[in-house]
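Hi everyone, thanks for coming.

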Amino acid sequence: MTKNVLGIIAKDPTEDAEIGTKVHFHFQQFPPIAGPCAGGIAEPGHFCGTVLSLGFKDKDRYGIEGSAVMVGPGVALASRHVLEPYLDDLITGQRQVYLHAITDHGLMNWRVHQFTMSGTDIAILRADLASAFPPSNQFWCAALTTRTPAVGERIMIVGFRTDTVTQEEMNWSILGETRVGIGEVTAAYPGGRDRVMAPNPCIEVRCMTLGGMSGGPAFDQEGKLIGLLSSSFEHDEGPSYVSLLWPALTAEMSSSWPPGITPVPISLLGLTKRGLAKIDRPEAVRIVEKSQVQYVPWS
């Protein structure tokens, strides 16, 4: 169901927060929903603000071109290939990136200021909150896992497809819908499927996903985040290809949100040790000689 959601771009509320203000981070699992194998989500708050739209703004226009998922305090994952065409403009400041989360209380906005590219199609985005604190300062993030799903397992892929975006001064109006694709894993490619469409560790899922969902989260049968949508064929049964998370878990970020919450640089594995991210069996991934990442598969 297409919905129009309103939000206001504002400065980071932590800048004026009183000393002692507390923010709370919760880690949620999202098992595949019951019902059709593909379609829109009617309830705007179903994913608690963890599923995001990703948009690019320059002096003339604003357009949403992908999806993302929140996995820690001001930390989101998105598809590298969605960002790469704009990297030069992003580095020079000619474009800005915003993330928008649909919640029960409206649109939650994040302003991205740092990109960490991993050796896969997953990029780590560091963002500051660009709207008011949510009720009771409660934030929700997706719980992760290093597990490789088995062939035949049911997977849910989520993304936000946008019809129109209207910006008037600091007010934003986004018309779109959160879409899901649900299907079974048909193959696993630990070394990548091919050099072009899916060159990184990935799984193949028999389900339909659509343009604009790239970078959207893929959840396993327990509702844990296993990867991001990287590419697909727009057909009733796809297939869709999901880049697995583990190659990105050791990539380091050089800032934190709220400021000072943790020493930097830090990776998602480091955030997990501090309780600021939740990863099932993080010990399956470790750095070995010369920053090479070693992964011990498990299912």
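Let me start with a question: are E153 and R147 buried or exposed? Keep in mind that this is a predicted model. Well, both E153 and R147 are buried. They're also partners: E153 and R147 form a salt bridge, with the closest N and O atoms 2.6 Å apart.

Okay, on to the other salt bridges. The count comes to eleven. In one of them, the side chains of D128 and R126 meet at 3.1 Å, N to O. R126 counts as buried because its relative accessibility is 2%, under the 20% cut-off. D128 has 22%, so that one is partly exposed. Another bridge joins R281 and E283, at 3.8 Å from N to O. Here R281 is partly exposed, at 40% relative accessible area, while E283 is exposed, at 55%. And there's a network too: D58, D89 and R95 are linked by salt bridges that share partners.

In total, the structure has four cavities of 30 Å³ or more.

Last stop, the nonpolar cores. The largest has 50 residues, and I157 is among those with the most contacts inside it. Setting aside neighbours within four places in sequence, I157 touches residues including V180, V205, M213 and L229. There's also a second, separate core of 25 residues, with F25 and W110 among them.

Technical notes
Residues numbered from 1 in each chain as written. Predicted model: local features only at pLDDT ≥ 70, side-chain atom pairs only at ≥ 80, totals over all residues. Heavy atoms only, no water. 1 Å grid on protein atoms, 1.4 Å probe; cavity = no way out; pocket = protein on both sides within 12 Å on 5 of 7 lines; lining within 4 Å. Points joined across faces, edges and corners; volume = space filled by probe spheres on them. Core = buried A, V, L, I, M, F, W, Y, C linked by side-chain atoms within 4.5 Å. Buried < 20%, exposed > 50% of the residue type's maximum accessible area, 1.4 Å probe, protein only. Contact = heavy atoms within 4.5 Å. Salt bridge = Lys/Arg side-chain N within 4 Å of Asp/Glu carboxyl O.
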